[in-house]
Amino acid sequence: MKIDIEDYYIRFGPMVHRRCLFLLKDEDRAYDAMQEVFIRLIRNKDRLTGKYPSSLLFRIATNVCLNILQSDKHLTEATDDILLSICSSEDIESRYIAQDLLNHIFINEKESTRTIAVMYYIDKMTLKKIASEIGLSVSGIKKRLSKLKENLSISKGIYLE
Amino acid sequence: MNNKYKFDLDLEKYLLNDLDSPSKQRIKDEIVINKELRDELERLNKNNDDFFNRFPVNKFISEIKERSFLKENKGKIDFIGSISSSVKRISGNYKKILIPSFSMAAALLIIILFSNKFNGTNVSQNIYNNYSQSDSNIQTDKEIRLKGPDSFLQIYRKGLKRNEKLNNYSHVKERDIIQICYFSARKYGLIFSIDSNGEINIHFPDKQNEAALLKRNKVTPLSFSYRLDNAPFERFFLVTSDQKFNIDIVLKTAKAISENSRDMKEKDLELPEEFNQSSILLLQ
């Protein structure tokens, strides 16, 4: 499918940038990530048959940012904030749990599961909303999250609500 | 949690006119009673305007072209680089000749490999610099259109140094000159506005009762610009369809909402399913 990348940038650029800034908390990295999002968009243009193009761009932006965070060797302000979002608490034990969750999400899970986990734990979206964005059923989303929790509790003895 | 950066997907999609109808209506209802939400929308609109000042379209497009090229041709550039460095060991004179040539060769390679890569148009040139251009070439029907919300308006205000993109709820002044543009994946369309006096102005097409044949899948400016009068607000509508239609169908529903100030600002036109509509409200 032919797309005019300039039109897409004009229309969706600000949204993509805000998404990257929200996850990365750094202007330069967000700009870098935004460039990567539009490059990926061109490569994935065949996926642009969905109803809402903003949803695809949102997912690409989330994945690009997670890849960037994954490659961080040290905790940055961004990962710190993500940890706080997940555990909604500043006590040390919760943060270690959240850190493990984050590592697990980054390393062991599929890209789509990572996006679902971010949407649930960080964006605080409802299961119904996540399902509509991802294009899965609510039961499919529940299954993924349940599997994620199971994998975590088996490997780490971590229990999530 | 650091609250400096926020992100609300539904609000973003609402601004993009890329939201399902129930969610869109929920936000519209909420806007009326929730000042914080209205402030947030205004903040997002301002952020959108600032965005293009900071990250201009042409600059961004050329940067991602270069970045994409470098990614795809990393091997080639390394190979050229290694030839250059081996020549350096032979003779300093060769270095002086080859390195500029390498730069030129690399630049030439970039131009050759990349010249037809993107489906770029002179959209930004049209929108940002040129109000009076009319393009008589109608694009042929070869593009696959997006499904769902696939038509939208863009409005620009003429400025002294550069033109400014206006968004839904943007503030304007009497006598501001604006340029209306449209993007449509559908074949036929109508652009009109309703102002706070309930007056309906048809902008495109002019002088006919049927919807205009649109240039599809590219942002297209109308062939004239428009000076705003002193009405407290004016809402611009784009209505599109794959089938030719009589504009009276649309104007009738426009008349219905023009009788109520709140409806004029917020309510969608009541149209059959085969129509797509989008609007931009400008406030004074």
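**Reading a predicted two-chain model**

Mentor: We may begin with one residue of this predicted model. Leaving out residues up to four places away in sequence, B:Lys13 touches A:Tyr52, A:Ser54, A:Ser55, A:Glu133, B:Asp18 and B:Leu19.

Trainee: Where in chain B does B:Lys13 lie, and is the residue buried or exposed?

Mentor: B:Lys13 belongs to helix α1 of chain B, residues 9-15. Buried means under 20% relative accessible area; because B:Lys13 has a relative accessibility of 3%, the residue counts as buried.

Trainee: Which side chain makes a polar contact with that of B:Lys13?

Mentor: The partner is A:Glu133, and the polar contact between the two side chains is 2.9 Å. A:Glu133 is itself one of the buried residues of helix α7 of chain A (residues 127-134), together with A:Lys129, A:Ile130, A:Ala131 and A:Ile134. Just after α7(A) comes A:Gly135, with a positive phi of about 90°.

Trainee: How should a positive phi be read, and what of the peptide bond?

Mentor: The general idea is that most residues other than glycine have a negative phi, and most peptide bonds are trans. In this structure, A:Lys25 is not a glycine, yet its phi is positive, about 60°. A:Lys25 sits in the loop between α1 and α2 (27-43) of chain A, and its relative accessible area of 7% makes it buried. In chain B, B:Asn17 also has a positive phi, near 55°. The loop between α1 and α2 (21-33) of chain B holds B:Asn17, which counts as buried at 15% relative accessibility. As for peptide bonds, the one joining B:Phe204 and B:Pro205 is cis, with omega about 0°. B:Pro205 lies in the loop between β6 (200-204) and β7 (212-213) of chain B.

Trainee: How does one read a helix, and what does helix α3 of chain B show?

Mentor: An α-helix has 3.6 residues a turn, so residues three or four places apart point the same way. B:Glu40 lies in α3(B), residues 35-54, and its side chain makes a polar contact of 2.8 Å with the side chain of B:Arg43. B:Glu40 is buried, at a relative accessible area of 16%. Beyond its neighbours within four places in sequence, B:Glu40 is in contact with B:Lys6 and B:Leu11.

Trainee: At what angle do the axes of α3(B) and α1(A) cross?

Mentor: Helix α1 of chain A covers residues 5-24, and its axis comes within 10 Å of that of α3(B), crossing at roughly 105°. The two helices are therefore roughly perpendicular to each other. Among the residues that meet here are A:Tyr9, A:Ile10 and A:His17 from α1(A), and B:Leu44, B:Phe51 and B:Phe52 from α3(B).

Trainee: How far may the coordinates be trusted?

Mentor: Where pLDDT is low, the predicted coordinates should not be read in detail. Chain B averages a pLDDT of 73, and 70% of its residues score at least 70. Residues 76-149 of chain B, however, have a pLDDT below 50, although this stretch has 102 contacts in the model beyond near neighbours in sequence. Chain A averages 78, with 66% of its residues at 70 or above. Within chain A, confidence is highest in α1(A), at 92, and lowest in helix α4 (residues 77-87), at a mean of 59. For the complex, the predictor gives an ipTM of 0.79 and a pTM of 0.55.

Note on methods. Residues numbered from 1 in each chain as written. Chains lettered and ligands numbered in written order. Predicted model: local features only at pLDDT ≥ 70, side-chain atom pairs only at ≥ 80, totals over all residues. Heavy atoms only, no water. Helix = DSSP H or I, 4+ residues; strand = E, 2+ residues; numbered from the N terminus. Buried < 20%, exposed > 50% of the residue type's maximum accessible area, 1.4 Å probe, protein only. Polar contact = N/O pair within 3.5 Å; in protein donor to acceptor, adjacent residues only side chain to side chain. Contact = heavy atoms within 4.5 Å. pLDDT = per-residue confidence, 0-100. Axes fitted to C-alpha atoms, helices over the stretch in contact; angles between N-to-C directions. Parallel < 35°, antiparallel > 145°, perpendicular 65-115°, else oblique.
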